[in-house]
Amino acid sequence: MGASVQQSFIWLPAGLLPLPLPLPLPLPPPLLLKGSMTFHKGPSQRSPPPPGYPPARQLKRWPVTWQSVKPEPPGKFVIQVFKDFQQPFTGRYPTSHRIYSMPVPQEPLRRVAVTGGTHGNEMCGVYLARHWLQAPGELQQPSFSAVPVLANPAAAAVCRRHIGCDLNRSFTKALLTASPTPDEPYEVTRARELNQLLGPKNSSQAFDFVLDLHNTTANMNTCFIVNETDLFAMHLCHRLQLQNSESPSWILVYQPPESETFSLDSVSKHGMTIEIGPQPQGVLQAKLFYRMRSLVASTLDLIELFNQGTAFPAFEMEIYRLLEYMEFPRTEEGDLAGMVHPQIQDQDFKPLQPGTPIFQMFSGKDVLYEGDSTVYPVFINEAAYYEKNIAFMKTEKLTVSVPALPVLTPSPAH
Ligand SMILES: [Zn+2]
């Protein structure tokens, strides 16, 4: 195994973070996490982060600057967990450590929302949300009732992804706290409304969990998108994967942990996204509709199990972590100069080796993948990403060891 990147984590209780967080206080009381989390990685060097992500040292969300780490020992990340951590961080840890706050639920999750139609032409979520708004009983559990939300009703009404801008990129601090203006995009206004309904983001009043439903035109089957710092969501994904082992499903970590979150499910304390495809935009396919409905029911069942004191032990699983976007080849005028190569069409989550053709130019020439390591492309030829000029996204495959969740004491029915 060749050189690889080593990262270390120290899990701190959120209340003990040493520097001011841009969050409304109070934060939940400290909870120390027991166990360890280990990433194993193949021989490749990590690629640079996607374009648009600010350098880590400029980020404000994470309280301690993290730095590039030494590539040793090969193939392993070392995680340190301080079971009896009492003192705030003082800078005495090696600079190779990333410092994460990974809060886990300490109480039953009672405020849960299921959101659909965040993109108004992704029909499974649009019609499930509309269905549950008429018949919310399907979302009831003994200890909580999940709230259905049609996230982007204006876009859903005209069956478009969005009216003004992408709602699922609008939950940044800058947009949520900006003063409303008459000419701002509809989705910016709607993001503030949803932040009031389900947040406020990063506050103790925020919903416990948001499950956001999406469709993709790419051949991604079932894909769970999580934040790698959301331990609770990782447990849910793992269980869902096990329960649905007859059908391929994948876990995608979309955002670097040091970057500011921007998606709808980032408004709540915990959350995740379900992507199901391939399904064309504006089309509703029964098979996919029922798969999504079943996954939502399973997710709520799992939250109920957690609420009732069921143990969620440690495990290992494969995840795919976003490395960077691959843009379409363009002419000098900005038109498409080629298309996704037939050899990689529909090959989402399959290994892409250096030298493999990725684009076919209209001239007939093939463009080869020139990276120096195997990557795993996802969202290949996604219809919604033409406007973002993204042909596909490169990911790396990692194995992650996730520690057990704390076990709640059984609670009475709500
Ligand atoms: Zn979507």
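## Burial

A residue counts as buried when its relative accessible area is under 20%. This model is predicted. Phe-209 has a relative accessible area of 0%, so Phe-209 is buried. Phe-232 also comes out at 0% relative accessible area and is therefore buried.

## Aromatic pairs

The structure holds 13 aromatic pairs. Phe-209 and Phe-232 form an edge-to-face pair, because their ring centres lie 6.0 Å apart and their planes meet at 75 degrees; the cut-off for edge-to-face is over 60 degrees. This pair joins distant parts of the chain. Phe-209 belongs to strand β7, residues 209-215. Phe-232 belongs to helix α5, residues 231-243.

Ring pairs connect Phe-209 and Phe-232 with Phe-306 and Phe-312.

## Charges over rings

Which ring lies under the charged end of Arg-239? The ring is that of Phe-312, with the charged end 4.1 Å from its centre. Phe-312 is also one of the residues in the phenylalanine cluster.

The charged end of Arg-130 sits over the ring of Tyr-127, at 5.0 Å from the ring centre.

## The zinc site

Which residues coordinate the zinc ion? The donors are ND1 of His-119, two OE entries of Glu-122, and ND1 of His-214. Their distances run from 2.1 to 2.4 Å. Along the sequence, the donor residues follow the spacing H-x2-E-x91-H.

Why is the arrangement irregular? The 4 donor atoms subtend angles of 58 to 150 degrees around the zinc ion, which makes the arrangement irregular. A tetrahedral site would need all angles between 85 and 135 degrees.

His-119 has 4% relative accessibility and so counts as buried. Glu-122 has a relative accessible area of 5%, and is therefore buried.

## Glu-184

Where does Glu-184 lie? Glu-184 is in the loop between α3 (173-177) and α4 (186-198).

The side chain of Glu-184 makes a polar contact of 2.7 Å with the side chain of Thr-189. Leaving aside residues up to four places away in sequence, Glu-184 touches Ser-179, Thr-189 and Arg-192.

How values were computed: Residues are numbered from 1 along each chain as its sequence is written. This is a predicted model: local features need pLDDT of at least 70, side-chain atom pairs count only at pLDDT 80 or more; totals for chains, interfaces and linings use all residues. Side-chain values use heavy atoms; hydrogens and water are left out. Rings of Phe, Tyr and Trp (its six-membered ring) pair if their centres lie within 6.5 Å; planes under 30 degrees apart count as stacked, over 60 as edge-to-face and the rest as tilted. Helices (H or I, at least four residues) and strands (E, at least two) are DSSP runs, numbered from the N terminus. Buried means under 20% relative accessible area, exposed over 50%, partly exposed in between (1.4 Å probe, protein chains only). A charge sits over a ring if NZ of Lys or CZ of Arg is within 6 Å of the ring centre and within 35 degrees of the ring normal. Donors are N, O and S atoms within 2.8 Å of the metal (3.2 Å for Na, K and Ca); water is not among the atoms, so sites may look incomplete. Four donors count as tetrahedral if all angles lie between 85 and 135 degrees; four count as square planar and six as octahedral if opposite donors are over 155 degrees apart and all others between 65 and 115; anything else is irregular. A polar contact is a pair of N or O atoms within 3.5 Å; within protein, one must be able to donate a hydrogen and the other to accept it, and residues adjacent in sequence count only if both atoms are side-chain atoms. Contact means heavy atoms within 4.5 Å.
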